[in-house]
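Please open the model in your viewer and keep the sequence beside it. The stops below say what to select next and what is to be found there.

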Amino acid sequence: MQDKKAHKFGMVIDLDKCTGCGSCTVSCMAENNIPFKEDESDKKDSITWMRVYKLTNGKSFPDTQTAYLPRPCQHCGGKGDHGHSPCVSVCPATATDYGYDTGIVSQIYTRCFGCRYCMVSCPYHARYFNWWDPVWPEGMEKYLSPNVSPRMRGVVEKCSFCYHRYQLAREQAYYNETDEIPEDAYQTACTTACPAGAIIFGDLNNPSHRVHQIVKPDPHPDPLNHDVVGKSRNPKVFRLLERLGTNPKVYYMSEKEWIRKVGDSYLDGEWDKMKNHHGSASHD
Amino acid sequence: MSEIENKTEHGSMDGAKECAAGDPKNDTGLGLGVIFFILAFLICFLSGWLLFPKLLYSKHEQPFNFDHALHVQETGDCESCHFLREDGTFSGIPKTESCLDCHTDEPMGETEDEAIFAAEYVAKQREVPWYVYAKQPDCVYFSHAAHIKAAGMDCVTCHGHIGESTSSRPYEENRLTGYSRDIWGNNIWGITKNPWDSMKMDDCAVCHEKETGHKGYCFQCHK
């Protein structure tokens, strides 16, 4: 609130660059003190703030194509982008709220009592429940980041867009007595770890930031659905389940039409109508 | 006569006896009851408010006594030892290394405390394991830079007149939570006169609401 104008931190992930290597997931876990389990393949127990999904176009050889989709918390702005994110609006403990100054969905782990309503309401499965207290192999707890508090059994956690890095960047800005937080002063761990440079992070409200330049967010509500705000004016850019009106701040980018189509569920023939409405040309 | 009838008869007779005998005795019973209630209430109440806090907090003495007043007099201000680093983070408790700007492994004064410091920590190149009164729970993020630089506050506003103290009081730790007693404050009723009397989330929120018009979002003070 010290900042003169509100930020709106967001992300663009270039799915054509993503190789599915999983560096984002690993760096995220190391950065955010995410405990790993004896059996990480048990997806009911494992916690992955940043999870990589595999997409296929469903065609047989030689037309088969594969892509990978990293999925952090989408930091939804909710219907009309008013901050009523699905998870925030259902939390009975006010343990999660929408930061109007950053656009980041924040959380107090110690306030959460583990009802998991937010996990049910999240359309992106971005939230995870701690079934157990975190355990690290002996000596490894010395590698934990002091900037992120480890979570205890019985609470929900999710990607925070590495908010502690924003806290550090802001402290530096306070020290320099400026309001400006340069683009490179606040970058998430996954962004800096991606070897392909597929993840781009920055302030969607700041025209000098790369995310803004790529996404070109539409300031006006979508004429077809007034709940949808900030739709990309770049025909290659889409959001997951965009028509729900959750207004995620994570955008995805691809040249391939089938990938853009996977971002939402369409009825027969609906995609072609949507496509024509957007005027986006096929690149396949 | 069946068993049930027998029981009913006895039951009703017992009831009748009680009623008949109850009238004159009932008054003393009630009086005793009231006295017992008041006594029990007082015992529970007093043990809750006087004894429980004593049991709840364990006391730890600092490794050795620290004279803030003397150090402020020698160095001039708080910032000589507790300063903002260039990256905006706060140095908090100084490392032994910064004490060595003035101190050596030979004591400068004649106090026993300095002798302990020189022998145990300077000579052995160890850090002093101070108990930090103002230590917040792990989930709390606090930016000194925001308060000092952006809000222009001074140390005394939140920490009180600690610079005038000549001795270190015992550190009291909540046995259940492991938090410092300074978080809740010494007053078990939760009444505070000064900002430094307690440092709970609500205390932060009251000031934030007054000064910035908003309590802040979760991540503003949590990590």
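**Stop one: a strand in chain A**

In this predicted model, begin by selecting β1(A), where Phe9(A), Met11(A) and Ile13(A) point one way while Gly10(A), Val12(A) and Asp14(A) point the other way, and all of them are buried. Because six of the six residues of this strand, residues 9-14 of chain A, are buried, β1(A) is largely enclosed by the rest of the structure.

**Stop two: the strands paired with it**

**Stop three: the nonpolar core**

Which residues have the most contacts inside the largest nonpolar core? Select Met11(A), Val12(A), Ile13(A), Cys190(A), Ile199(A) and Tyr251(A), which hold that place in a core of 59 residues. Then centre the view on Tyr251(A), whose contacts, leaving aside its neighbours within four places in sequence, include Gly10(A), Met11(A) and Val12(A), as well as Val215(A), Ser232(A), Val237(A) and Arg239(A).

**Stop four: chain B**

Finally, select chain B, which has nine helices and two strands, arranged along the sequence in the pattern α-β-α-α-α-α-α-β-α-α-α. Of the 223 residues in chain B, 8% are buried, and among its contacts with a separation of 6 or more, 66% are between residues 24 or more positions apart.

Terms used. Residues numbered from 1 in each chain as written. Chains lettered and ligands numbered in written order. Predicted model: local features only at pLDDT ≥ 70, side-chain atom pairs only at ≥ 80, totals over all residues. Buried ≥ 20, exposed ≤ 12 C-beta atoms within 10 Å, placed from the backbone. Helix = DSSP H or I, 4+ residues; strand = E, 2+ residues; numbered from the N terminus. Core = buried A, V, L, I, M, F, W, Y, C linked by C-beta atoms within 7 Å. Contact = placed C-beta atoms within 7 Å.
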